[in-house]
Amino acid sequence: MSWRIANECAERRFGSAARKQIIMFLADKASDDGSGIWCSKGTIQRHTELSESTVKRTIIDFLREGILIETGRRHCKNGYTVIYRIVLERVAALEPTAEPDIQTGVTVDPVQPDPGTGSTVKGVRGSRWTPNHPKTIRKPPTRRREAADEVENIEAEKILAAYPEDRIRDRRTSLRLISAAVKAGVEPDDLLQAVKAYAKESEGYTRSKVCFSDNWFKMRRWEKGLAQIQADREKACEVEAKGRSRLASWIQERHPMCRHITNRQIKDLVAVKLVTPEQVRAVGLQA
């Protein structure tokens, strides 16, 4: 359960009581990043007491609107259950439920000569704070924050520049979604590599297969690229571990191939404790 997701959904308008009830049930099952939701439509129907057709139609609408995306499947006794993610960027773009700010300075006369300091009109209190009270004035950005925002904007621009130029649409939304992904913990370099991989993969796509940048980032389609990057890293680590193991066995067995081991490799083997300095010296090498 994530209070963060539940609060975010509670503060937005979803268009109907049924839609709001379903998204709040899903938010109750989500992790803090909106992912990891697996519950069948029958489960949603039983808990919300809505009709099955309403639940199915609403889930389809959420998927089409980008509020939900499918991230996988989980096996169950009846086959499988779809795993969903609530897209926080899409939820944040919905109309808030909060009431508009009430203007300060409640007075009887149209013109208020003095700041409102709690005056009453027919028993109704005026504003708690004056318009220039510290609580009502937003602090200007610090130099450190401005510098951080500038770096973030440069990174986002660099990532978007790697997207196929003819498919960049709504730059402002695209940059905002990139910044949101980076703030959520995605490494900028990894996101850049995912964009480059998609650009190369889709180089020969026809018009019917084109995905514009705002939709691509909104649907988090870069996650496929990140998964491939992680798989490549794990494979590289596995190859490196096997290579170290082979070199260590040469030293331990005093194999003639030991003479081809470099000083850098020896230091690495000693550092990870696959061999000891004594074993290294025993084969005529320097630890």
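Which residues in α8 meet which residues in α10? In this predicted model, Asp190, Leu191, Gln193, Ala194 and Glu201 are the residues of α8 that take part, and their partners in α10 are Trp222, Lys224, Gly225, Leu226, Ile229 and Arg233. Sorted by class, the contact of α8 with α10 has 5 nonpolar, 2 polar and 4 charged residues. Helix α8 covers residues 188-201 and helix α10 covers residues 222-253.

Two packed helices are described by the angle between their axes and the distance between the axes. For α8 and α10, the axes come within 8 Å and cross at roughly 110°. Angles of 65 to 115 degrees count as roughly perpendicular, so α8 and α10 are roughly perpendicular to each other.

A second pair to look at is helix α2 (residues 17-28) with helix α4 (residues 52-65), whose axes cross at roughly 75° and come within 10 Å. Helices α2 and α4 are therefore roughly perpendicular to each other as well. From α2, the contact draws on Ala18, Arg19, Ile22, Ile23 and Leu26; from α4, it draws on Thr54, Val55, Thr58, Ile59, Asp61, Phe62 and Glu65. The residues of this contact of α2 with α4 divide into 7 nonpolar, 2 polar and 3 charged.

Here are the two pairs in brief:

| Helix pair | Axes come within | Crossing angle |
|---|---|---|
| α2 and α4 | 10 Å | roughly 75° |
| α8 and α10 | 8 Å | roughly 110° |

Now for the serines. Serine 174 lies in helix α7, and serine 179 is also found in helix α7, which spans residues 171-183. Are these two buried or exposed? Buried means under 20% relative accessible area. Serine 174 has 0% relative accessibility, so serine 174 counts as buried. Serine 179 has a relative accessible area of 10% and is therefore buried too.

Serine 174 has contacts beyond its sequence neighbours: leaving aside residues up to four places away in sequence, serine 174 touches Leu160, Arg169, Ser213, Asp214 and Phe217. With serine 213 there is a polar contact from side chain to side chain, at 3.0 Å. As for serine 179, its C-alpha is 9.9 Å from that of isoleucine 159, and the two are 20 residues apart in sequence.

Stepping back to the whole chain, its secondary structure comes to 12 helices and 5 strands. Buried residues make up 32% of the 287 residues. The chain exposes about 19700 Å², and carbon and sulfur atoms supply 50% of that area.

Notes: Residues numbered from 1 in each chain as written. Predicted model: local features only at pLDDT ≥ 70, side-chain atom pairs only at ≥ 80, totals over all residues. Heavy atoms only, no water. Helix = DSSP H or I, 4+ residues; strand = E, 2+ residues; numbered from the N terminus. Buried < 20%, exposed > 50% of the residue type's maximum accessible area, 1.4 Å probe, protein only. Polar contact = N/O pair within 3.5 Å; in protein donor to acceptor, adjacent residues only side chain to side chain. Contact = heavy atoms within 4.5 Å. Areas by Shrake-Rupley, 256 points an atom, 1.4 Å probe, with all protein chains shown as cover. Axes fitted to C-alpha atoms, helices over the stretch in contact; angles between N-to-C directions. Parallel < 35°, antiparallel > 145°, perpendicular 65-115°, else oblique. Nonpolar A, V, L, I, M, F, W, Y, C, P; charged D, E, K, R; others polar.
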